[in-house]
Amino acid sequence: MTSRELFRAEKLLELSVGVGPVLGLDTASATASLAIVAHGKILAEQSRSAASHGAQLPSAVVDILRQADLTLKDLQGIAVGTGPGSFTGLRVGIAYAKGLVLALRCALIGIPTFDCVALATFDFISPPEGTLICPIFDARKGEVYTNLYRVRADRLDKISQPLVIRLQNLFPELTDGVMLVGDSKAKEASLLLSERGIRSSFLNEVELNSRGRQVAALGAERIARGEFDPPATLEPLYVRTAEATFKPVAAPPNAAAKERPWSDETKSSSSN
């Protein structure tokens, strides 16, 4: 179950102080991000470029376990980024996590990659309350993967579901001062917004060394709540073009509608 409210890693670790070692890993992009958290503390973390996740992920896991002075058998759970992102990278990461879980008989937790990217940005930049954070990654075929988050005093509010969309169809949803984070497509979006008179900031995702920490902390907090994902049903989050209309996250029943609804024009252009 995806939460509408996302808290900083420090808060998540406070909520999971009773949970033993959890390995977090994300291979949705060309950068492999890993971390291990246990009993409210970060034991080890690393990010590294990977020409082949399939070839390099096992050695990266061995390396980070060594840093934390742990073995695979010590793990209470494995949290893995589910995307969206590179199809091959996602399949490798999730298949590897499933294999470990079945062998170790520990918990498996799937974590949306963009939640981790947005939280890592929140930690890295600490943008003002009300700022819109928008991860943008190349989805090929002239489209991008994206999602929208709003900065609050102590958390992020997730205000859309991930989707695939053309950049020009995304722009009507972006407000002045938006924080764009991602690959070259996010930089391109920042330049195009500037031409339209909309201020934005760009952060390259390779600067977000804490993405693995977010995966692990979110996973540990879910374990603390007794939530797990069955290995047989956990799948990568493949966002299809046919589904490319913004789907706002359902707000709590009594919450006022604070975010501007997606316009019919935007929905129509997105689906085209």
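Helices (DSSP runs of H or I, at least four residues) and strands (runs of E, at least two) are numbered from the N terminus. The model is predicted, so local features need pLDDT of at least 70 and side-chain atom pairs count only at pLDDT 80 or more, while totals for chains, interfaces and linings use all residues. Residues are numbered from 1 along each chain as its sequence is written, and side-chain values use heavy atoms, with hydrogens and water left out.

**View 1. An open sheet of five strands.** The strands follow the order β4-β3-β2-β5-β6, with mixed pairing; two strands pair if DSSP finds at least two bridges between them. Because β4 (41–49) and β6 (107–111) each have a single partner strand, they stand at the edges, and one side of each lacks a neighbour in the sheet. On average, neighbouring strands are turned by 15 degrees against each other, direction ignored. Strand β3 (residues 31–38) runs antiparallel to β4 and is joined to it by eight bridges. Within this pair, Val37 stands opposite Ile42 of β4.

**View 2. Helices against the sheet.** Helix α3 (residues 87–104) packs on the sheet and touches β2 (22–26), β5 (77–81) and β6; contact means heavy atoms within 4.5 Å. The direction of α3 makes about 170 degrees with that of β5. Axes are lines fitted to C-alpha atoms, for helices over the stretch in contact, and angles run from 0 to 180 degrees between N-to-C directions. Helix α7 (residues 211–224) lies across β2, β3, β4, β5 and β6, at about 40 degrees to β3.

**View 3. The buried face of α3.** Buried means under 20% relative accessible area, exposed over 50%, and partly exposed in between (1.4 Å probe, protein chains only). The buried residues of α3 are Gly89, Leu90, Gly93, Ile94, Ala97, Lys98, Leu100 and Val101. Seen down the helix axis, they fall within an arc of 165 degrees and so line one face of α3; the arc is that of the directions from the axis to the C-beta atoms. These buried residues pack against β2, α2 (53–67), β5 and β6. On the face turned away from the buried side, α3 carries the exposed residues Leu102 and Ala103.

**View 4. Arg105 after α3.** Arg105 follows α3 and has a positive phi, near 60 degrees. Arg105 lies in the loop between α3 and β6 and is exposed, with a relative accessible area of 77%. The C-alpha atoms of Arg105 and Gln76, 29 residues apart along the chain, are separated by 8.7 Å.
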